[in-house]
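This briefing is for a reader new to the structure. It takes up charged pairs, then aromatic rings, then the pocket.

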Amino acid sequence: MNNQKPFFRAPAALLALACLLLPSTALHAAQTLHLLNWEEYLSEAVIERWEAETGVKIEQVYFDSGDKRDEVLAKPDHLIDIALTELISSSRFGQRGLLDPIDEQALPNLKHVPKRWRDSCGAHSIPYLWGTLGIAYRADRLPNVPQSWADLLQPANRDEPHIIMMEDHEDILAGPLLHQGHSINTSNNDELKAAFELLQAQAPVVLTYEYVITSLRSQRYLDKADMALAYSGDQQVLNEVEGVDGEPWRYMVPKEGTLLWVDCLSVPTNGAQKALAYRFLNFLNNPQIAALNSAELGVATTNAAAKALLPEEIRQDPTIYPAEVVLRNSQVYEARPLEATQTRRRIISALINAHDAR
């Protein structure tokens, strides 16, 4: 269980509202739900309220890349009850019979989630949170605010490693492809090769290909990292990790555009506690709970009723709810031939192998 502080201190009104949801006496069932999730991606306050209401513990298994998540889900004995996914992975695993089709009748609180977001997760998952991909940067260490993907891929400082990327065959290629004016969904080998060459040229200034939150939480590179490939909301965690005044980590979306991502939640076919899994998914979509989760994480909710409950300062924060011009200049992942996915996996493997050999 993660004992770190939440990303945001939830507004008192939200906390009070969530407290009203608790029964006068909690159940005491000796049960545990196992959630496959990103680190720091479920509010501790939400977990506490669920456990107080049901007596059921939440145990999280963390991954730090989509590939690592897929490795877990592909194992027949993984014992995961709920998994964080996205449209491509949930569709792929659903077609293989490893994820159940979602029973919407068992989730009455899905009525609060607009069709746009439900369509973004497909038949084998439900929407959770959404956001963008961009650059996290130390405002106190960089002389200029990054504006372009070039600032991350071709930084002015070439003298020493100072950038953190990530071990994800999809997201690591999004920036190079956008910078070169290509679709993030391209299957064109020449375009993928050109993106790979950009990443190869960047490699000497890369500290690690480990997810930035995982890396800095381990206290590695705290004194060296000043830029990272990151998701909206990550800067909140990084500032908690750093523990310094002034919130030095900031987040921006490059001018060439971004990935608009939607994270989803799925129920594995071999899960042993499906009724409890559905109860938890419905709990997460209670508007008060979804609002509390979104506020503490600093990430945009897909629950329309929950968004209406959020304080104005959160709803108007462009790093959480980007301006319409940013949304228009964004792309989403689409299904592609398996061969193109394998090419992307070879690219990230080559980068990591070369980095490890240095």
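The structure holds 19 salt bridges, a salt bridge being a side-chain nitrogen of Lys or Arg within 4 Å of a carboxyl oxygen of Asp or Glu. This is a predicted model, in which local features need pLDDT of at least 70 and side-chain atom pairs count only at pLDDT 80 or more, while totals for chains, interfaces and linings use all residues. Residues are numbered from 1 along each chain as its sequence is written, and side-chain values use heavy atoms, with hydrogens and water left out.

**Salt bridges**

- R217 pairs with E40 in a salt bridge whose closest N and O atoms are 3.0 Å apart.
- This pair links distant parts of the chain, 177 residues apart: R217 is in helix α9 (residues 212–217) and E40 in the loop between β1 (31–38) and α2 (44–54). Helices (H or I, at least four residues) and strands (E, at least two) are DSSP runs, numbered from the N terminus.
- R217 counts as buried at 16% relative accessibility, and E40 is buried at 8%. Buried means under 20% relative accessible area, exposed over 50%, and partly exposed in between (1.4 Å probe, protein chains only).
- R220 forms a salt bridge with E210, with the closest N and O atoms 2.4 Å apart; R220 counts as partly exposed at 37% relative accessibility.

**Aromatic rings**

- Eleven aromatic pairs are found in a search of the whole structure. Rings of Phe, Tyr and Trp (its six-membered ring) pair if their centres lie within 6.5 Å; planes under 30 degrees apart count as stacked, over 60 as edge-to-face and the rest as tilted.
- The ring centres of W130 and Y321 are 5.9 Å apart and the planes are at 70°, so this pair is edge-to-face.
- W130 is buried, with a relative accessible area of 7%, and Y321 is buried, with 9%.
- The charged end of K307 sits over the ring of Y321, 4.4 Å from its centre. The criterion is NZ of Lys or CZ of Arg within 6 Å of the ring centre and within 35 degrees of the ring normal.
- One aromatic cluster is formed by W38, F63, Y211, Y231 and W261.

**Largest pocket**

- The largest pocket has a volume of about 660 Å³. On a 1 Å grid over the protein atoms alone, a pocket is an open set of points where a 1.4 Å probe fits, with protein on both sides within 12 Å along at least five of seven lines; lining residues have an atom within 4 Å of a point. A volume is the space filled by probe spheres set on the points.
- Of the 40 lining residues, E86, W261, V262, D263 and Y333 are the closest to the centre of the pocket.
- Strand β9 gives the most to this lining, with five residues.
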